[in-house]
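Some labels given to residues in a structural description rest on cut-offs, and a careful reader may want to see each value set beside its cut-off.

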Amino acid sequence: MKKDLDRLMEDQNIDALWITGGLQNNPDMVYFTGIQHVKQANLFKLRGRDPILYHLVDMEREEAAKTGLETHSYFSTKPLNEYLRKNNGDLSASIAARIKETMEEMDLTCGRVAISGMIDLSYGYSLIEQLKLILPKVEFISFLKDSVIAQARMTKSSLEVKHIRKMGKITTEVVDRVRCFLQEQIVTNDHLVFPDGTPITVKDVKSRIRLWLAELGADNPEDTIFAIGRDGGIPHNSGSPDDVIMVGKPIVFDIFPCEAGGGYFYDFTRTWCLGHASNEVTLLHQQVLNVHHRIIDELEVGQPFKKFQERTCQLFSETGHTTIADNSNTKKGYLHSVGHGLGMNVHEKPFSGITSAPDDLLIPGVVFTIEPGLYYPEKNMGVRIEDTIYLNENGQFEILADYPYDLVIPIKNHES
């Protein structure tokens, strides 16, 4: 949580955080500012002090003020044209000089500064190289993963959980609209069709998902997985747009929307068969559902998340399936980790898989997924079941949005 930041910064000998980019779709920035209509800004958080936000233009001053932070406008106090004049029109040198002056005003002229933010890589590299030349006593550091902010973001406040819970409600509402839409359709030759006889495709379903999410105040910037048959047997195959929706074929429906503007995510998966399911798919679904429920029942406070990945592999092995514990390159059976943290990124700490760190623990405040699955593309089937779980301050694990686990979705105009 944010209250842990100063301690985490001290533990890692970090004197300041510098986050750059917009105040939308920029998780580390939005963590401090909320979602605001500010296109570009710099936020500095010195250890032991409150964050300060520097935005570019006066036009965005009221949006910047909504952050509740101390704000300054570069346009009013440090207009770029003055720096361009001093630096013979060199844009990179001018922006670097302005940031140098900003840092000097905060007495940030030496020490370790951790950088983050969603900006163009080329721009960021050029800027940092310029700053290294004119601020030689400052060490700019970055993280491939597990940054100070990522560690703070791993545990959520009650307000953050409220946002995620709301996204869970929106997500399951959209899932239910999809279920109702499919149930109401006409079946012709085992295909779902519109009243005019046009086949219903994955593209038709996804277009409705996007519309319904937008109506409810959410985005799905990373798309939705709606994968039928063989496609569902490849975990991150998002589904072929022109595939026709058919009865009896398993559909992996994995939806992970976020608040509009890049806020908190939710992550949820169900596997459906419309009308009826084969015995083979029914057995696979039951095995995945059993492991899903078993893992949730066995979760323990304070344990490494990866412990439950190891347990998932064990349970699937006991039912005769190959897992990544047996063969890290397997293309069938159980292929991925059992879950991941969730927040302003759809995948964040704590992690349970190969990148799991010693501090990826199930401690009060974490929000994470449990999503076992089995995949057999050569048999035209895959099954995944996923819920998002919160470990509350009382040490209880709770699913943030309940929804039925039914495999078979009856079609009103079809006899199974």
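Q: Why is Arg112 called partly exposed?
A: In this predicted model, Arg112 has a relative accessible area of 21%, and because buried means under 20% and exposed means over 50%, with partly exposed in between, the label for Arg112 is partly exposed.

Q: What makes the pair of Arg112 and Glu139 a salt bridge?
A: The closest N and O atoms of Arg112 and Glu139 are 3.5 Å apart, and a salt bridge asks for a side-chain nitrogen of Lys or Arg within 4 Å of a carboxyl oxygen of Asp or Glu, so the pair qualifies. The two residues belong to distant parts of the chain, Arg112 to strand S5 and Glu139 to strand S6, 27 residues apart.

Q: Why does Glu139 count as partly exposed?
A: The relative accessibility of Glu139 is 41%, and since this value falls between the limits of 20% and 50%, Glu139 counts as partly exposed.

Q: How do you know that Arg153 and Glu348 form a salt bridge, and where in the chain do the two residues lie?
A: Their side chains meet at 2.7 Å, N to O, which is within the 4 Å that the term requires. Arg153 lies in helix H8 and Glu348 in strand S15, so that the pair links distant parts of the chain, 195 residues apart.

Q: Why are Arg153 and Glu348 called buried?
A: Arg153 has a relative accessible area of 6% and Glu348 has one of 7%; because the label needs a value under 20%, Arg153 is buried, and Glu348 is buried as well.

Q: What makes Gln309 a buried residue, and what does its side chain reach?
A: Gln309 has 8% relative accessibility and so counts as buried, the limit being under 20%. Gln309 is found in helix H12, residues 306–318, and its side chain reaches the backbone nitrogen of Val338 at 2.8 Å. Leaving aside neighbours within four places in sequence, Gln309 is in contact with several residues, among them Ile324, Tyr334 and Ser352.

Q: Why is His276 called partly exposed, and where is it placed?
A: His276 has a relative accessible area of 33%, and because this lies between 20% and 50%, the residue is partly exposed. The place of His276 is in the loop between strand S13 (268–274) and helix H11 (279–298).

Notes
Residues numbered from 1 in each chain as written. Predicted model: local features only at pLDDT ≥ 70, side-chain atom pairs only at ≥ 80, totals over all residues. Heavy atoms only, no water. Helix = DSSP H or I, 4+ residues; strand = E, 2+ residues; numbered from the N terminus. Buried < 20%, exposed > 50% of the residue type's maximum accessible area, 1.4 Å probe, protein only. Polar contact = N/O pair within 3.5 Å; in protein donor to acceptor, adjacent residues only side chain to side chain. Contact = heavy atoms within 4.5 Å.
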